[in-house]
Every structure is written in structure tokens, then in C-alpha cells.
Amino acid sequence: MGYVHSFESFGTVDGPGIRFVVFLQGCPMRCLYCHNPDTWTERAGKSYTAEEVAANALKYKSYFTGGGGVTVSGGEPMLQTEFVTEIFSILKKNDVHTALDTSGIMYGRIEKQKLDALLDVTDLVLLDIKHIDDERHRELTRHSNKGILQFAKYLSDVGKDVWIRHVLVPGITDDDVYLNRLAQFLSGLKNVKKVEVLPYHTMGEVKYAKLGIDYPLKGVMPPEKERVIKTY
Ligand code: SF4
């Protein structure tokens with residue numbers, strides 16, 4: 001059984017093509033710009049078996065055009081590594097493309113054997129690098145980025161396809177010095193198929209109000225479109 005926050009039947013922003021997206025519960029990070037604070041609690045949401053989740057996704061298989069398939073996101077999906085492995089194993093038997101949307105924070109915290117079993121049935125990793133500078137990363141997420149950067153290198157070493165995602169937040173990540181450092185780091189990886197610069201947005205603010213949590217980035221505005229394009 002795994003803890004699921006929600007499903008999205010026609011996702012177009014979490015991997016290639018049209019995708020069924022599974023959002024899992026639980027995340028150890030506390031990113032200041034998180035727009036899904038309702039996924040943070042581990043044992044919440046609704047519990048499903050891997051078979052139930054896969055069967056739900058497979059109902060939409062005929063819509064998975066343009067290289068589409070299924071993305072498992074969160075929260076942090078690698079908190080439930082074995083559950084995701086089971087879902088992806090069923091999907092691979094049905095020739096469905098699988099993508100794992102992760103912060104990489106669990107690297108080094110789960111057994112290598114379990115990690116490799118998951119990667120065996122994962123076609124693409126969407127790896128979110130929150131900040132290239134360790135100190136700024138800690139301020140932004142309450143965690144070091146060391147394991148995450150090691151995970152990026154590991155994925156490069158094993159030749160797993162990766163899309164890198166980076167959220168551009170004015171005053172936090174939108175800084176040419178850090179962006180150049182990130183670009184330099186990425187240039188050392190052999191497996192990066194795409195880099196997505198995602199503009200920070202304030203759509204999650206309403207969820208904080210509902211949960212009774214102070215919104216940490218109050219007053220921070222999304223970046224200008226031109227700035228996002230230039231960075232990209
Ligand atoms: S890793 Fe994702 S879900 Fe977790 S706090 Fe950060 S943005 Fe939110």
C-alpha cells in the first residue's frame with residue numbers, strides 16, 4: 001500500500017507528452033516556494049495498492065501521445081520507493097513510459113539495491129535542483145544539496161535520462177552567479193536531455209492559508225517572462 005495525495009489524468013507539464021500524474025504523500029523538504037504543502041505529511045491522503053494505481057493510469061493509455069505516459073510526483077515519491085517500483089513495474093509490462101519527479105533528497109537514505117530496482121523501471125528522472133549553493137539550499141529547503149548533487153552524478157554514471165528542473169525565484173535563485181555555477185555543474189553530466197527553468201508562482205499561497213501556515217515568500221513576485229526566457 002502507498003499513500004496517494006491525488007491523481008491528474010491529463011498532465012502536460014511533468015514530463016514528455018500527455019501524462020497521467022500520481023502525486024504521492026510525504027516530503028522531508030520544506031522549500032520556501034513549495035506550492036504543495038498539503039503533500040508534506042507522510043501518512044495522509046488515501047492509501048492504494050500499486051495494482052490499483054497502475055490500473056487507474058492504464059485506463060488513460062490511449063491518451064498517452066507525444067511520448068507520454070505516467071509520472072509519479074509528490075511530495076517526494078522516493079519516500080515510497082518500493083511502492084513506486086511496483087507501480088512502474090506493472091506499467092513497463094504494459095509498455096508505458098515512466099517518469100519519476102524527484103528532489104533527489106532520498107539519495108543515500110535508501111538502500112542502493114532498492115534505488116537501482118526503481119531506476120530499472122524508470123525511463124526518465126525529472127530531477128529538481130533547488131539551489132546549487134549548499135548554504136542557500138539549506139536556507140531554501142532546510143536540507144543540504146550534497147546528496148542531491150551526488151544523485152545527479154550517479155544518474156549520469158548509470159546513463160539514466162534526466163530532465164533538470166530549476167525554479168527561478170527572484171531574490172533567491174535568480175542570480176547570474178548561481179545560475180552559471182549550476183550550468184557549469186550540469187555541463188559535467190552526460191545524461192541531461194533537457195533543462196527546464198520554471199518561474200516561481202504564487203498559486204500555492206491559498207493552500208498555506210487553508211492549512212494555517214504562514215506563507216514564507218509573502219510579497220515575492222514571479223519573475224518577468226523575459227528573465228525566464230533569457231535564463232533558459
Ligand atoms: S521538494 Fe517539492 S513537495 Fe517537497 S517541499 Fe520542496 S517543493 Fe514541496
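This is a predicted model: local features need pLDDT of at least 70, side-chain atom pairs count only at pLDDT 80 or more; totals for chains, interfaces and linings use all residues.
**View 1. Helix α1 packs against helix α2.** Here we zoom in on α1, which covers residues 50-58, and α2, which covers residues 81-93. Their axes sit 9 Å apart, at an angle of about 45 degrees. That angle makes α1 oblique to α2, and the crossing is right-handed. On the α1 side, the contact is made by A50, E51, V53, A54, A57 and L58, while α2 brings in F83, E86, I87, I90 and L91. Sort these contact residues by type and you get nine nonpolar, two charged and no polar ones.

**View 2. Q80 sits in the loop between β4 and α2.** Strand β4 spans 69-73, and Q80 is found in the loop that links this strand to α2. Q80 is buried, because its relative accessible area is 13%, which is under the 20% cut-off. Look for the backbone oxygen of Q25: a polar atom of the Q80 side chain lies 3.2 Å from it. Setting aside neighbours within four places in sequence, Q80 is in contact with G2, Y3, L24 and Q25.

**View 3. Helix α3 crosses helix α5.** This one shows α3 (residues 112-120) together with α5 (residues 146-157). The two axes come within 13 Å and cross at roughly 55 degrees, so α3 and α5 are oblique to each other. Their crossing is right-handed. From α3, K112, L115, D116 and L119 meet F151, Y154 and L155 of α5. The residues of this contact split into five nonpolar, two charged and no polar.

Key. Residues are numbered from 1 along each chain as its sequence is written. Side-chain values use heavy atoms; hydrogens and water are left out. Axes are lines fitted to C-alpha atoms, for helices over the stretch in contact, and angles run from 0 to 180 degrees between N-to-C directions. Helices (H or I, at least four residues) and strands (E, at least two) are DSSP runs, numbered from the N terminus. Angles under 35 degrees count as roughly parallel, over 145 as roughly antiparallel, 65 to 115 as roughly perpendicular and the rest as oblique. A crossing is left-handed if the near helix is turned anticlockwise from the far one by less than a right angle, and right-handed if clockwise. Contact means heavy atoms within 4.5 Å. Ala, Val, Leu, Ile, Met, Phe, Trp, Tyr, Cys and Pro count as nonpolar, Asp, Glu, Lys and Arg as charged, and the others, Gly among them, as polar. Buried means under 20% relative accessible area, exposed over 50%, partly exposed in between (1.4 Å probe, protein chains only). A polar contact is a pair of N or O atoms within 3.5 Å; within protein, one must be able to donate a hydrogen and the other to accept it, and residues adjacent in sequence count only if both atoms are side-chain atoms.
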